[in-house]
Amino acid sequence: MVSRPTRLTPPLECVRLLDRDSGLDGVIAIHSTALGPGAGGCRFWSYPDLDHALADAVRLAEGMSYKNALAGLPLGGAKAVLRKPEGDFDRAALFRAFGRAVEHLGGLYVTAEDVGTSVADMQDVASATRHVAGLPPIEGRAGGDPSPWTARGVFEAMQAAARFTFDSDLAGLTVAVQGTGNVGAELCRRLADAGARLVIADPSPVRRDRLAAILGATVVGVDQIASAQAEIFAPCALGGALTPESVRQMKARLVCGAANNQLASPAVADLMMHRGIAYAPDYVVNAGGIISVSAEYLGEDESDVGGRVAEIAPRVAALLDRAVREGRSPAMLADEMAEEIIANAQRLAA
Ligand code: NAD
């Protein structure tokens, strides 16, 4: 059963997802459709209750609106957050039920992978709707797991931000990577190839320890990674890594990573500025995945994705430069730029 869209705070629409047979339980939050259909991945994670899932969806959907706007994509912002059932469940049936819910919205929302979901899950979703991306690619066309594109965008943004901050390339710098999942692991491989030293943390030992062995990375505890001795901190796990406490203890002079919603509160961006820590805003840096999703949904080629992902690094460099010149935080500047793009689209549509 999918409930009717319920208007929360304008312009946000929120759809409750509940299907007792499959265990589907969650929410789709649509923040904005001013630039196009609300697009954003589907997170599948354990939440203590629906309120926590809803809060995550709302924050993530807003971030997607800003990310898509600044990346120049013809997409609004939205996100699905599904609560992972406890005990045994039929995963394929759950994602088919989710697909039916997406279809019910008639193109208002386009989904794809996020934390906890895979290409196989999106194939199950696709059995019920065409408003899904992140499916196995057709030769030469955009598609597939978006996380390698995200990792490439983060890596190139980090190169540009390191040049700006340290006047140096990444060789010889130490990067502390929080989270060695799909994006974090690929970022680590690229960093190792570029000659960076790695410190990594992840509560899940499986990929973390293998990666550390292959790349010669140092492993630290999850509560030590934000204050690790490193030039760069790369949050690549869940949101909220940048808190007043973590920033006060941070030794890194640059933060650049893949995670969505890194700032626990807007004030943390100012705190970083006052501590002399350069911040490459999360949604500017991590747009590679949605660029791939967008191109796939619109039937474009892989070369279109490569071209747009290559624009992330200069965008980040320009933002850091302008922030220093104006004495403002890059996070606030990015928000203002994205809000202006969305407001202009709203005015044109009115
Ligand atoms: P993932 O689920 O593959 O990896 C997340 C990893 O973080 C897991 O290995 C998990 O064990 C680890 N983790 C959880 N809590 C941690 C903690 N406290 N400390 C250290 N590690 C912790 O997810 P992903 O696809 O790699 O995405 C990572 C982040 O990047 C998420 O915030 C996601 O929203 C964001 N992001 C991903 C994409 C993409 O294309 N996948 C695109 C844009 C943004």
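These legends go with a set of close-up views of a predicted model. Because the model is predicted, local features need pLDDT of at least 70 and side-chain atom pairs count only at pLDDT 80 or more, while totals for chains, interfaces and linings use all residues. Residues are numbered from 1 along each chain as its sequence is written, and side-chain values use heavy atoms, with hydrogens and water left out.

**View 1. The whole chain, before zooming in.** Here you get 13 helices and 13 strands, where helices (H or I, at least four residues) and strands (E, at least two) are DSSP runs numbered from the N terminus. The C-alpha atoms fill a box of roughly 55 × 50 × 40 Å along the principal axes. A compact globule of 350 residues would have a radius of gyration near 20 Å, and the 19 Å of this chain agrees with that. For the record, the radius is taken over C-alpha atoms, and the globule rule is 2.2 Å times the number of residues to the power 0.38.

**View 2. Packing and surface.** Of the 350 residues, 53% count as buried; that word means under 20% relative accessible area, with exposed being over 50% and partly exposed in between (1.4 Å probe, protein chains only). Take the contacts (heavy atoms within 4.5 Å) between residues at least 6 apart in sequence: 64% of them join residues at least 24 apart. The accessible surface comes to about 14700 Å², and carbon and sulfur atoms own 52% of it. Those areas come from the Shrake-Rupley method with a 1.4 Å probe.

View 3. Charges first: the chain carries 33 positive and 42 negative side chains, and the centres of the two sets lie 2 Å apart. Lys and Arg count as positive and Asp and Glu as negative, leaving out His and the chain ends; each charge is placed at NZ of Lys, CZ of Arg, CG of Asp or CD of Glu. A salt bridge needs a side-chain nitrogen of Lys or Arg within 4 Å of a carboxyl oxygen of Asp or Glu, and by this rule the count is 17. One of them pairs D25 with R16, with the closest N and O atoms 2.7 Å apart. D25 is buried at 16% relative accessible area, whereas R16 is partly exposed at 26%.

**View 4. R152 and E156, a pair within helix 4.** The closest N and O atoms of this salt bridge are 3.1 Å apart. R152 and E156 sit 4 residues apart in helix 4 (residues 147-166), so about one helical turn separates them. Both R152 and E156 are buried.

**View 5. E186 and R189, a pair within helix 5.** Their side chains meet in a salt bridge at 3.2 Å, N to O. E186 and R189 are 3 residues apart in helix 5 (residues 182-193), about one turn of the helix. E186 is partly exposed at 21% relative accessible area, and R189 is partly exposed too, at 38%. Elsewhere, salt bridges with shared partners link R43, D56, K79 and D114 into one network.

**View 6. Two loop residues with positive phi.** D167 has a phi of about 55 degrees although it is not a glycine. D167 lies in the loop between helix 4 and strand 8 (174-178), and counts as exposed at 70% relative accessibility. N261, also not a glycine, has a positive phi of about 50 degrees. The loop holding N261 runs between strand 12 (254-255) and helix 8 (267-274). At 16% relative accessibility, N261 counts as buried.
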